[in-house]
Amino acid sequence: MVGRTTRTYIRRAQRPHGTSATIATAQRAAGAVEGAVRTVAKPLAKYGFPYRRPAAPRGVVVPREPDTLGGAYDTEWARRPVARAVRGFILEAPMRVAVKTIASPTVSGLDRLSDLLRTDDGERPAPVIFAPNHHSHIDTGVMIRSIPAAWRRELIVGAAADYFFDARWKAALSALALNAIPIDREATSRSTFDRLRDLIADGHSLIIYPEGGRSPDGWGQDFKGGAAYLSMRTGAPIIPVHIDGTGEIFGKGASKLSPGRTSVVFGTPLTVDDAENTRRFNERIEAAVTRLGDETLTDWWTATRNAAQGRSPSLSGPDHNGWRRQWTLGEKRRLSTAGIRRRRSRRWPDLG
Amino acid sequence: MPRPGFVLDVDRSTPPTLFWRGEGFSLERLPADRSRIIYPPEPLAGLDNLDGHIRDALLNPLDMDPLPELLKPDMKLTICFDDASLSLPKMQRPDNRQRIIEAVLDMAAEAGVDDVHIIAALGLHRRMHEYELRHVLGDRIVDAFLPKGYLYQHDAEDPDNLAVIGHTDEGEILEINKRAAESDLVVYANVNQVAMDGGWKSLTTGLASYRCLSVHHNPASLQNTRSLMDRHHSALHKSIWRMGKLLRDSGPKVFQVETTINTEAFPAPFEFLAKREWEWTAKDRSLFLASSKSLNKLPNRTKRKIFHNIEAPYRTTSVHAGFTETVHEKTLENVYKQHIVEVEGQTDILTMGIPFISPYNPESIMNPILVMCMGLGYLFNMYRGKPLVREGGVVIMTHPTYEEFHPVHHPSYIDFFDEVLADTTDPAEMSTKWEKKYAEDEWYRHLYRTSYAYHGVHPFYAWYWGAHGQQHAGKVIIVGGYAAAVRKLGFTPASTMNDALEIASDTVGRSPTISHLHVPGVLVADVK
């Protein structure tokens, strides 16, 4: 017994220990890997072109390959059966769990969509364009999980071409998991519009964030006219949606998730009036989302009265800049869904 | 194009026909060559863009100014709506009442109306549970008005909140909810399922007090009501219309919004219930067998849960708004368009299957008194002109008639069954001898006002509802009913349809003619 204890002690004493020893071990391992790679790559280097990329002859201008990223990324493959099946699994299993765990959304206003969802003979409902406000990357997941299943299966998400489609892996992942298609934020090109129009004609519904990007400071941004224009040209109704609470969970610039509660309110579908241009229709969409925002903070009747009297609190916040803007945002957050979460998490009773 | 209703003469090739048996159903073969089955018309097509139609009706009302012109910032606006007794089964969300009230509130908001109350016009019915309010009005209205106390339910026993409008020419008192009486405008949101509903009945019964309702909810009125589905030949409706005239002359301005719905009452997998039996596909037959066999094995509680969870995919066939009487005439046109089936002459026997639901047991139990009310009160009254069965004929119903009562919803029904029916089944006698005791019982009053109980007098009204049928029929037989309960109702129990026909032969002879009212859907027989 004594001898065994002594041997154990000796073995421990002989071990290399401390940070420097660990680094040395890692360096040795890295060296071994590097050597192995060099050994494998050496024959290719020996053989050269066509096993390796050719060098361009001096004085010759090599024409650039057509850009296949950004707005030009072709997402057609993501709507083929295999990709659809994979996406179906992603949406119904991991995304479902993730959205529930991270955002725990409360969905309301779906009854406003019942007329659109009700079709004869079990046909698919007509395509629509969902136009939510945008505070966070998780908005898309929350939206996808909140949208009724009849639309979810054929849902396409308009994603910023310069952000989600700037690298091949990001583009592939966005297209596969979200059925995203690239949209140029600065100026919608003819080809993008044609692609969206064709997709709507094929029965796909869209999520487009009319603000064009996530909120930089917690307040909303002015709506761009893309969704309104697309609705006018295709006849697909716009469904205004207000998402609340996602900015607090993973707002722009956040480095980590803070799971919390969110709410998603669907509004009454909007179609363009006869004597309405894109700008007016876009204003109406923005007003509808603003009213839904007020409905989230107060109640439907208060929001309705505020809207009728032009007193709905603006989504884009007060005009002043700096700390006063953030200060007002704090007031709003106290009333919002995120505020409910904070109040509920109080550990001690409020003794006044 | 939906097919109209029709009368099928039963011959040897006619397949057995469907009978409701409470929370179940059976197929019964009726005697050939002397039976007929009255099938309801198929559901009419619904309106597309219902919200647009509602808004249009509010902007272009009948015999009244457009609603926005009636709304002023400093006015008192009261919005009333039908309670959970409509529709049956409950309609899929959003309910028409929600659509109407949201449209009215949109206009009220634009007009700057601040003082708005929303009242469930439930008369002496039980108060609605919050989940029922949410189903009928939607979450938005409930969340906005309920916590602040601006959405509440009419209390017919609150003396501080009742106001007498006056007396009719015949001395009938009209006493309604005080808030409504003192309002500048009352908007009534209605869902009309049968011709009995709507019109002045909505407000003068839904917001009335007990003493006001007892003027026409009594055996004398209901025995002279020929029928409940024909307001021009109904003593009940004549009394109500006199009150309506008084309300028009001396009460608040009433803006009535009425909607009619078709008979598309059952979603999958119960769609086969509304089909004609010879058109049942293999799938329908399989569903019938599977559901009827499995329902037979389930406890009543589970069966009720299944059936009361059904949400009907009704479509709305018309929307009219404006002056109550004009609106209701339009409503009746549309209701009759959906329900009327022309029938030639009366028969010796009327058969009917009693379903799991009546207007007085939404989310509740169909107790024996309600079986009587549904059979002799509602289904018997589904006629215009003459009853389907001749005077002195036999009414045969199918229902298990178990002695089960909902202790929260129907407390006075339990005592009525044990005490009153043990003494008499005669409506006039029970009215004079027992009604006052139940109507003024403090405990029932307390339960009605604070819990979810029907008013103490309600079982009497349910019984009176069948008074005309009871007086008209020579014998009433319940097939498959719990014998003790059936006898207590004053009816005759029978085990099978053949037994019932055999028992009926004592009254109507060996070869009686038979009419069967095919339920579901809903029909009104126009008997010539």
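Reply: In this predicted model, 12 residues of chain A are in contact with 15 residues of chain B. On the chain A side, the elements that each supply two or more residues to this contact are α5 (114-117) and α14 (300-308), and it is α14(A) that gives the most, with 6 residues. Sorted by class, the side of chain A that touches chain B is made up of 3 nonpolar, 5 polar and 4 charged residues.

Within this contact, α14(A) can be followed across to a helix of the partner chain, α4 (residues 130-145) of chain B, for the axes of the two come within 7 Å and cross at roughly 90 degrees. An angle from 65 to 115 degrees counts as roughly perpendicular, and α14(A) and α4(B) are therefore roughly perpendicular to each other. The residues that meet here are A:Trp300, A:Trp301 and A:Thr302 from α14(A), and B:Arg140, B:Ile141, B:Asp143, B:Ala144 and B:Phe145 from α4(B).

As for the confidence of the prediction, the predictor assigns the complex an ipTM of 0.81 and a pTM of 0.85, while chain B has a mean pLDDT of 95, with 100% of its residues reaching 70 or more.

Turning to the chains themselves, chain A contains 16 helices and 7 strands, and 34% of its 352 residues count as buried. Of the contacts in chain A with a separation of 6 or more, 72% are between residues 24 or more positions apart.

In chain B, strand β10 (residues 185-192) is mostly covered, with 8 of its 8 residues buried. B:Leu185, B:Val187, B:Ala189 and B:Val191 point one way from β10(B), whereas B:Val186, B:Tyr188, B:Asn190 and B:Asn192 point the other way, and the residues of both sets are all buried. This strand is also paired with two others: β5 (residues 76-82) of chain B runs parallel to β10(B) and is joined to it by 5 bridges, with B:Thr78 having B:Val186 of β10(B) as its bridge partner. With β11 (residues 253-261) of chain B, β10(B) again pairs in the parallel sense, here over 8 bridges, and the partner of B:Leu185 in β11(B) is B:Lys253.

Definitions and conventions:
Residues numbered from 1 in each chain as written. Chains lettered and ligands numbered in written order. Predicted model: local features only at pLDDT ≥ 70, side-chain atom pairs only at ≥ 80, totals over all residues. Contact = placed C-beta atoms within 7 Å. Helix = DSSP H or I, 4+ residues; strand = E, 2+ residues; numbered from the N terminus. Nonpolar A, V, L, I, M, F, W, Y, C, P; charged D, E, K, R; others polar. Buried ≥ 20, exposed ≤ 12 C-beta atoms within 10 Å, placed from the backbone. Pairing = 2+ DSSP bridges. pLDDT = per-residue confidence, 0-100. Axes fitted to C-alpha atoms, helices over the stretch in contact; angles between N-to-C directions. Parallel < 35°, antiparallel > 145°, perpendicular 65-115°, else oblique.
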